[in-house]
Amino acid sequence: LLLATPLLKRLRERGAGEIWLLCRKGLGDFALKSGLVDRVVEAAKGKGPDGWSEARAKLFGLEFDRIYCPHRSPRSAFF
């Protein structure tokens with residue numbers, strides 16, 4: 001999240017509209033309180049009720065104009 005902060009600030013400055021953030025559990029509150037994003041979906045690492053499958057279910061069926069993935073991880077990009 002720290003490394004993605006400049007990207008989120010730039011999107012906000014350019015009037016990107018509503019900004020959603022998918023992040024690990026416990027990081028979303030910072031992004032919301034700092035005004036970097038409008039909505040957060042958090043996921044705990046691993047499996048379980050707060051894991052990635054639950055986050056995927058929350059996002060399923062939503063449509064986004066753009067998706068940015070600042071990670072180099074193919075797994076993150078695929079998600």
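The protein chain has a radius of gyration of 12 Å, taken over C-alpha atoms. A compact globule of 79 residues would come near 12 Å, so the chain agrees with that expectation. The rule behind the expectation is 2.2 Å times the number of residues to the power 0.38. Along its principal axes, the C-alpha trace spans about 35 × 25 × 25 Å.

This is a predicted model, in which local features need pLDDT of at least 70, side-chain atom pairs count only at pLDDT 80 or more, and totals for chains, interfaces and linings use all residues. Residues are numbered from 1 along each chain as its sequence is written, and side-chain values use heavy atoms, with hydrogens and water left out.

The secondary structure comprises four helices and two strands. Their order along the sequence is α-β-α-β-α-α. Helices (H or I, at least four residues) and strands (E, at least two) are DSSP runs, numbered from the N terminus.

Of the 79 residues, 20% count as buried. Buried means under 20% relative accessible area, exposed means over 50%, and partly exposed lies in between (1.4 Å probe, protein chains only). The chain exposes about 6,500 Å², and carbon and sulfur atoms supply 54% of that area. Areas come from the Shrake-Rupley method with a 1.4 Å probe; for residues, only the protein chains shown count as cover.

The largest nonpolar core has eight residues: Leu 8, Leu 11, Ile 19, Leu 21, Cys 23, Ala 31, Leu 36 and Val 37. Leu 8 touches Leu 1, Ile 19, Leu 36 and Val 37, not counting residues up to four places away in sequence.

A contact means heavy atoms within 4.5 Å. Among contacts between residues at least 6 apart in sequence, 30% join residues at least 24 apart.

Two exposed residues complete the picture. Ile 67 is found in the loop between helix H3 (52-59) and helix H4 (74-78), with 72% relative accessibility. Pro 74 is found in helix H4, with a relative accessible area of 66%. The table gives C-alpha to C-alpha distances.

| Pair | Apart in sequence | Apart in space |
|---|---|---|
| Ile 67 and Pro 6 | 61 residues | 16 Å |
| Pro 74 and Pro 49 | 25 residues | 24 Å |

Key: A nonpolar core is a set of buried Ala, Val, Leu, Ile, Met, Phe, Trp, Tyr and Cys residues joined through side-chain atoms within 4.5 Å.
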